[in-house]
Amino acid sequence: MRTHDLTTVRNLGILAHVDAGKTTVTERILHRTGATHRTGEVHDGTTVTDFDPQERDRGITIFSAAVSCTWQGHRLTLIDTPGHVDFTAEVERALRVLDGAIAVFDAVAGVEPQSETVWRQADRHGVPRIAFVNKLDRAGADLDAAVASIRARLHPAPLVVQLPIGREDGFTGVVDLVRLPEGASAEARRRRRALEEAVAELHPLALEEFCATGTVSADTLEKALRELTLSGDGLVVLCGAAYRDRGIEPLLDAVVAYLPSPADVPPVRADRPADPAAPVAALVFKVVATATGRLTYLRVYSGTLRKGDQVRDAGRTERIARVLRVQADRQAQVDSAVAGDIVAVAGPKAARVGATLCAPDAPVLLEPPPTADPVVSVAVEARRAGDGERLTSALARLAEEDPSLVVRTDPETGQTVLSGLGELHLEVAVEKLRRDRGLDVAVGRPSVAHRETVVRGVSGLLYRHVKQDGGAGQFAHVVLDVGPGDGFEFASAVVGGRVPREYVRAVEAGCRDALAEGPLGGHPVTGLRVVLTDGATHPKDSSEPAFRTAGRLGLREALRASVLCLLEPVAEVAVTVPADAVGGVLGDLAACRGRVAGSAVRGGTAVVTATVPVAELFGYANRLRSRTQGRGTFTARPSGYAPVP
């Protein structure tokens, strides 16, 4: 379906914790809208969006996948995103180009750790959401408890618009509380009243009608719910059981009714409205190397992108060879893409994730998605002597497709080091080298990325940089105070113009240069405050490069004179095990230097939360399965750094 009416377009993501049912929801949506003729199943490896061999082998979503369908005259582009913490960078890149999202929650577990992570990511990008409480057919499923956990842990104002019919195995469908059917039960009428009161508290039009008539009409409710969704002041909550195809049509109706179109989203810039006639501007959010060439996935924010067009990318000019409508791993060629479209293009050879493709005569730069810092590293090398260059090329291609992977050469050992966001992230990357590139790769034991921080600093450290080598001299004199801080803070307390402003900026730049390697072990330095308290200049030999050098070398000397502490990355871990296995799990966590935060028992299952060093989590999944006869699972998400004992 091609349309230039932006109000009939919905670009949305499916967000959730791993195993909450995102991919199953996507499959049922595609089948219900007629985009597919049969439903795929995750456990059979037959889903549309989990098409990569590794996704089918592991039974999880690893790579975000875009699909399109139509519903009630609207074109929906869905991006199914990963739920595992190691692949949150994929979620971040998808959220950057989406207008709305469905947050999927497990009706038994409620809000899980990764649910919180993706929720905060959506908050950062200002993406309006509706919630779908899934798996109401499971034993222990409880809509009210799930909604209570959403309210307590994510802090929205939940507005439940459906009532489940039946419980657990007897769950058969839902009652629409907005357009309540005739003859509805007393419980449905009570919940409809509660919905009216909740909406009236948040929306002035609903409040006015409620005060005047004692009720809120269905039309007013729908209008208020949409506006509350767009503003983020309310969260529409629906429910169902995707595996049994319950609640999918009402969910589609809610997507059309409540989530924004590109026309509802503010323009990326005042001179770049979401108008097909405006100069073209598009943001690259994914790059994939396929058997037939390189595909660049992008969101068109303004203008029209046509086959054969020339576009500008950071000073380069690229040609659009083909424009493709994407259906997971299948593509269909189209003549053009307009503002609001999410498509793939062939032709650009150098565009990276976060790049802006724009009209050559109307350049613009769009904000790229943020890139997470890697926390885990492995050494990789080719087993066959002649594969060294192929491995280097393949690693460069991997880092191009996934900016959260970093490739570097260790200056001390000469090893090639691959860094990523977690053990599973690196496993998937290495497996891609083996499967897609046919490389026989040896992998060293994972290591973590340490940091160094200041515990006790120094005051009044004087550093003089004087260099005379026959040409123009260099002179810079700085006095630094160094102490603990938040991240990196720099301030100047120089009075009387003893160090000119441009030289102060050069000192700050030099100090930032010095943060790359600390004196304890060459690790990056964080958590310090540097104050330039005094300095001196030379009428001829002082310059910005001289003061930058003085800042770098002066801070290095100050760090060597300070008391520093080594930091290691830690993760917040949630371990789910049978209640009778809690004792053994607590012992394992203590052996892993974990600090247990608490535990909760739900039926016969216990959830233990703890903070554990990332280095201790290597191989923990196997140990946990062994201790619990395969019944234990855990999730982990990075939660910062802590001192190494």
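The structure is a predicted model, in which local features need pLDDT of at least 70 and side-chain atom pairs count only at pLDDT 80 or more, whereas totals for chains, interfaces and linings use all residues. Residues are numbered from 1 along each chain as its sequence is written, and side-chain values use heavy atoms, with hydrogens and water left out.

Glu616 and Arg593 form a salt bridge with the closest N and O atoms 3.1 Å apart, a salt bridge being a side-chain nitrogen of Lys or Arg within 4 Å of a carboxyl oxygen of Asp or Glu. Glu616 lies in the loop between strand 33 (605-613) and helix 15 (620-627), and Arg593 in the loop between helix 14 (582-591) and strand 32 (595-602), so the pair ties together parts that are 23 residues apart in sequence. Helices (H or I, at least four residues) and strands (E, at least two) are DSSP runs, numbered from the N terminus. Side chains of opposite charge can pair when their charged atoms come close. Over the whole structure, the search finds 38 salt bridges.

A further salt bridge joins Asp341 to Arg325, with a closest N and O separation of 3.7 Å. Asp341 is in the loop between strand 17 (336-338) and strand 18 (342-346), while Arg325 is in strand 15 (residues 322-327), and the pair links distant parts of the chain, 16 residues apart. Both Asp341 and Arg325 are buried. Glu400 pairs with Arg352 in another salt bridge, the closest N and O atoms being 3.9 Å apart. Here the two residues are 48 residues apart, Glu400 in helix 10 (residues 388-401) and Arg352 in the loop between strand 18 and strand 19 (356-358). Glu400 counts as buried because its relative accessibility is 14%, whereas Arg352, at 44%, counts as partly exposed.

Helix packing was examined for helix 8 (residues 218-231) and helix 9 (residues 248-258), whose axes come within 9 Å and cross at roughly 75 degrees. Axes are lines fitted to C-alpha atoms, for helices over the stretch in contact, and angles run from 0 to 180 degrees between N-to-C directions. Helix 8 and helix 9 are therefore roughly perpendicular to each other, a class covering 65 to 115 degrees, with angles under 35 roughly parallel, over 145 roughly antiparallel and the rest oblique. Glu222, Leu225, Arg226, Thr229 and Leu230 of helix 8 meet Val256, Ala257 and Tyr258 of helix 9, contact meaning heavy atoms within 4.5 Å.

Ile130 lies in strand 5 (residues 129-134) and is buried, with a relative accessible area of 0%. Not counting residues up to four places away in sequence, the residues touched by Ile130 include Thr229, Leu251, Ala254, Val255 and Tyr258. Between Ile130 and Leu230, the C-alpha to C-alpha distance is 9.9 Å, with 100 residues separating them in sequence.

Key:
Buried < 20%, exposed > 50% of the residue type's maximum accessible area, 1.4 Å probe, protein only.
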